[in-house]
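Visitor: I would like to learn how to read a protein model feature by feature, with each criterion stated before it is applied. Could we begin with the way strands are paired?

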Amino acid sequence: MSELTKCHNCSEEVTEDSDFCPHCGVLFAEAGEVFCDEHLQESAIGVCIICRKVCCEDCGVKVAGRIFCQAHRKVKVQEDWAEVFRSTEVADAELVKSLLESTSHKVLCQNFNSIGFVWDGGGDSPISRSNINKPAKVFVPIPEYLQAMEVIYDWRSSQAVIQSDDAGM
Ligand SMILES: [Zn+2]
Ligand SMILES: [Zn+2]
Ligand SMILES: [Zn+2]
């Protein structure tokens, strides 16, 4: 077993022989030893924690102490979880959750209790959930992000097919 040590950037535990921190993306190699995947002359600043692409200052961004590539800079991350879905429709979020669970992803949910607010007007109000409740969010562990997104993408495209079938009737 490899020895554990602490990341100098985020203080998470990492194995001593890692080249980079899987939690925040910083490189443990000496500066100048590792080069950007795209700009082969540029020293890398770290590894995108989502796709593990090695980034230089030009193609990587540091957000709250973690490294992301340009493609993933918008991904919302909390602790070691990445947001894969958000919707003000809790039903949609529930669906995504069970979808991901059925493809054996670990799932974490936020704001699934739509009743942080009790509507006493009865029925559906014009200012329904979408305006009042925070969106329901679904997270998966960061290393599972790309796979989970594919699952959701497939689900969305199958939805789109169903909807266009309906429209054709
Ligand atoms: Zn770290
Ligand atoms: Zn990336
Ligand atoms: Zn670069």
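Guide: Two strands count as paired if DSSP finds at least two bridges between them, and the elements themselves are DSSP runs, helices being H or I over at least four residues and strands being E over at least two, numbered from the N terminus. This is a predicted model, in which local features need pLDDT of at least 70 and side-chain atom pairs count only at pLDDT 80 or more, while totals for chains, interfaces and linings use all residues. Residues are numbered from 1 along each chain as its sequence is written, and chains are lettered from A and ligands numbered from 1 in the order in which they are written.

Visitor: In which sense do strand E8 and strand E10 pair, and over how many bridges?

Guide: Strands of a sheet pair through backbone hydrogen bonds, either parallel or antiparallel. Here strand E8 (residues 81-87) and strand E10 (residues 136-141) are antiparallel and share six bridges, and Glu83 has Phe139 of E10 as its bridge partner.

Visitor: What is the order of the strands in the open sheet, and which are the edge strands?

Guide: The open sheet has four strands in the order E7-E8-E10-E9, with antiparallel pairing. Strand E7 (77-78) and strand E9 (108-110) are the edge strands, each pairing on one side only.

Visitor: How many helices and strands does the protein chain have?

Guide: The protein chain has three helices and ten strands, which follow one another along the sequence as β-β-β-β-β-β-β-β-α-β-α-β-α.

Visitor: Where does helix H1 lie?

Guide: An angle between elements is taken between N-to-C directions and runs from 0 to 180 degrees, the axes being lines fitted to C-alpha atoms, for helices over the stretch in contact; contact itself requires C-beta atoms, placed from the backbone, to lie within 7 Å. Helix H1 (residues 90-102) lies across E8, E9 and E10, and runs at about 15° to E10.

Visitor: Which residues of H1 are buried?

Guide: A residue is buried if 20 or more other C-beta atoms lie within 10 Å of its own, exposed if 12 or fewer, and partly exposed in between, with C-beta atoms placed from the backbone. In H1 the buried residues are Ala93, Val96, Lys97 and Leu100. Seen down the axis of H1, these buried residues fall within an arc of 100° (taken over the directions from the helix axis to the C-beta atoms), so they line one face of the helix. The face of H1 turned away from that buried side carries the exposed residues Ala91, Ser98 and Ser102. Of the 169 residues of the protein chain, 25% count as buried.

Visitor: What is the phi of Ser104?

Guide: Most residues other than glycine have a negative phi, and most peptide bonds are trans. Ser104, although not a glycine, has a positive phi of about 55°; Ser104 sits in the loop between H1 and E9 and is exposed, with 8 other C-beta atoms within 10 Å. Ala64, also not a glycine, has a positive phi of about 45°; Ala64 is in the loop between strand E5 (60-63) and strand E6 (66-69), and Ala64 is exposed, with 9 other C-beta atoms within 10 Å.

Visitor: Which residues does Thr15 touch?

Guide: Leaving aside residues up to four places away in sequence, Thr15 touches Ser2, Glu3 and Leu4. Thr15 belongs to strand E2 (residues 13-15), and Thr15 and Glu3, twelve residues apart in sequence, are 5.6 Å apart from C-alpha to C-alpha.

Conventions. Contact = placed C-beta atoms within 7 Å.
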